[in-house]
Amino acid sequence: MKKKKYLAWLLAAAVMCGTLAGCGQSSSEGKDTGNQSGETKKLDVVLTTGHEAFQNAIDKYVEQNPDVEVNVQEIPTEEFKTIIKTKFASDDAPDIFPVFSGDEAESYYENGYLADLSDMEDVVARFEEGADSTLRTEDGALYGLPIEIQLILGYYNKDLFEQYDLEVPKTWDELLNICEVFQENGITPIALGHKEEWVTQMISYGLNATKIQVKDPEFYKGTADGTSKFAECSGFLDTLEKYQDLIEKGYIQEGSLSTTADQQYEMFVREEAAMTFTGTWGNAAIENLGPEFELGGFQIPGDEGEVFGASASINGGYGVYGKSDNLELAKDLLAFMVSPDILAEYLQDKGPSPYSDVEVDLRTAIKECYAMEEGQQLCQFDNIYWAPGVDAVFYKGVQEMVAGTKEPIDILKSMDEATEKANK
């Protein structure tokens, strides 16, 4: 199946899963951007860490539109999620900023903080089928433009695999056998940075695509109001028990609770561990450390005989402040930011494109994982449908499981309790 056809099919499946001209000329040419007076127009933009390619786009836009002045701030994702609430409350939000899928973003739209971008027809026409499915409200308003498809995958040291005559695992049992070989030879099989909450998601969400979402596409949606119970989900329990097995067998390094994600990558690059699990966003961080081995990638596998799901996400992108004084100008700049040349540059170290006219030269590890998932149902790995606060209970629960103080079933029961509390 050709790449474009596969991606269109894959993205179309996001809905079932309950989920996801070049830059040489300014997109504002010939458009009314609300700047007819000749005065300098100012825009404030927030970019999240790692989005330097969009800074390059903004620089080009300003060069081509000298009557526009853009102030750019770069803020880490989690820090920004807190800051933006304060900005909304004081009617002082930036004109363009990151948005994330889910109920919270929909509430921002309903309160007028996010503009409907549906009228950006030239951009919308470029979407791969389903690419905007997680960025629309129930009534069809588009509150953000997607920028990438993220995948969860296992990164592996190809040289070590070749040295021990190992092949990429295609089932969970094969992964366990690989871990055993490395452990017997004094090499830590898997490096993880459990000190950071988001790392606790990687194995779980990677497996949940197969264990839960392919079998019951509506399960995550049902958890929002408690219709679906976490503790009654055999697939989620299986996922956590497999995770616990890796810990108890010593396949994940000792002291992972005091290890950060950056240290996890460093441990892998120093060849102190043969594998590490993270997202497509981790590829650049790993390669920037200069590994002296060839980097490969694989899908985190389920059990033999199961229908696998592709654990992927279109979890957000960039939106426009609904109360912006320069609304049309902000939309025009955002359209320029997602033009083909800019996105091709941005996505090179990340993942596949949600736009049909953007060809990405994917890094080897990502390309290998992407090929393994060809034809699989796309399953949105983010917990965008969980009730507020449940994700924090999950992260803490996994950390306690790593510490040996909490069992998988108790994590799921705690998540049900948190759901009930949130819905009262």
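Contact here means heavy atoms within 4.5 Å. Helices (H or I, at least four residues) and strands (E, at least two) are DSSP runs, numbered from the N terminus. The model on screen is predicted: local features need pLDDT of at least 70 and side-chain atom pairs count only at pLDDT 80 or more, while totals for chains, interfaces and linings use all residues. Residues are numbered from 1 along each chain as its sequence is written, and side-chain values use heavy atoms, with hydrogens and water left out.

**Stop 1: helix α3**

Select residues 77–89, which form helix α3. The expected span of a helix is 1.5 Å times one less than its number of residues. For the 13 residues of α3 that rule gives 18 Å, and the end C-alpha atoms are 19 Å apart, which agrees.

Now show the side chains of Phe80, Ile84 and Phe88, the buried residues of α3. Buried means under 20% relative accessible area, exposed over 50%, and partly exposed in between (1.4 Å probe, protein chains only). An α-helix has 3.6 residues a turn, so residues three or four places apart point the same way. What do the buried residues of α3 pack against? They pack against β1 (41–48), β2 (68–75), β3 (96–100) and α4 (103–110). After α3 comes aspartate 91, with a positive phi near 50°.

**Stop 2**

Two packed helices are described by the angle between their axes and the distance between the axes. Axes are lines fitted to C-alpha atoms, for helices over the stretch in contact, and angles run from 0 to 180 degrees between N-to-C directions.

Select residues 52–64 (helix α2) and 340–347 (helix α14); their axes come within 9 Å and cross at roughly 155°. α2 and α14 are therefore roughly antiparallel to each other; the classes are under 35 degrees for roughly parallel, over 145 for roughly antiparallel, 65 to 115 for roughly perpendicular, and oblique for the rest. The crossing of α2 and α14 is right-handed. A crossing is left-handed if the near helix is turned anticlockwise from the far one by less than a right angle, and right-handed if clockwise.

To see the contact, pick Ala53, Phe54, Asn56, Ala57 and Lys60 on α2, then Ile342, Leu343, Glu345 and Tyr346 on α14. These divide into six nonpolar, one polar and two charged residues. For this count, Ala, Val, Leu, Ile, Met, Phe, Trp, Tyr, Cys and Pro are nonpolar, Asp, Glu, Lys and Arg are charged, and the others, Gly among them, are polar.

Stay on α14 and select aspartate 341. With a relative accessible area of 44%, aspartate 341 is partly exposed. Its C-alpha lies 9.2 Å from that of glutamate 359, 18 residues apart in sequence.

**Stop 3: α16 and its two partners**

Select α10 (residues 234–248) and α16 (residues 390–403), whose axes come within 10 Å and cross at roughly 40°. This crossing is right-handed. Phe236, Leu240, Tyr243, Gln244 and Ile247 of α10 make the contact with Phe394, Val398, Met401 and Val402 of α16. By class, the contact has eight nonpolar residues, one polar and no charged.

α16 passes α17 in a right-handed crossing. On α16, pick Val390, Val393, Phe394, Gly397, Val398 and Met401; they meet Pro408, Ile411, Ser414, Met415, Ala418 and Thr419 in α17. The contact of α16 with α17 has nine nonpolar, three polar and no charged residues.

**Stop 4: loop residues**

Go to threonine 259, in the loop between α10 and α11 (261–269). Is threonine 259 buried or exposed? At 11% relative accessibility, threonine 259 counts as buried. Leaving aside neighbours within four places in sequence, threonine 259 is in contact with Leu192, Gly193, His194, Lys195, Glu196, Gln253 and Gln264. The C-alpha atoms of threonine 259 and alanine 191 are separated by 9.1 Å, and the two are 68 residues apart along the chain.

Next select glutamate 271, in the loop between α11 and β7 (273–279). Phi of glutamate 271 is positive, near 65°, and a relative accessible area of 34% makes this residue partly exposed.

Finish at aspartate 165, in the loop between α6 (158–163) and α7 (172–184). Phi of aspartate 165 is near 55°, a positive value in a residue other than glycine. At 70% relative accessibility, aspartate 165 counts as exposed.
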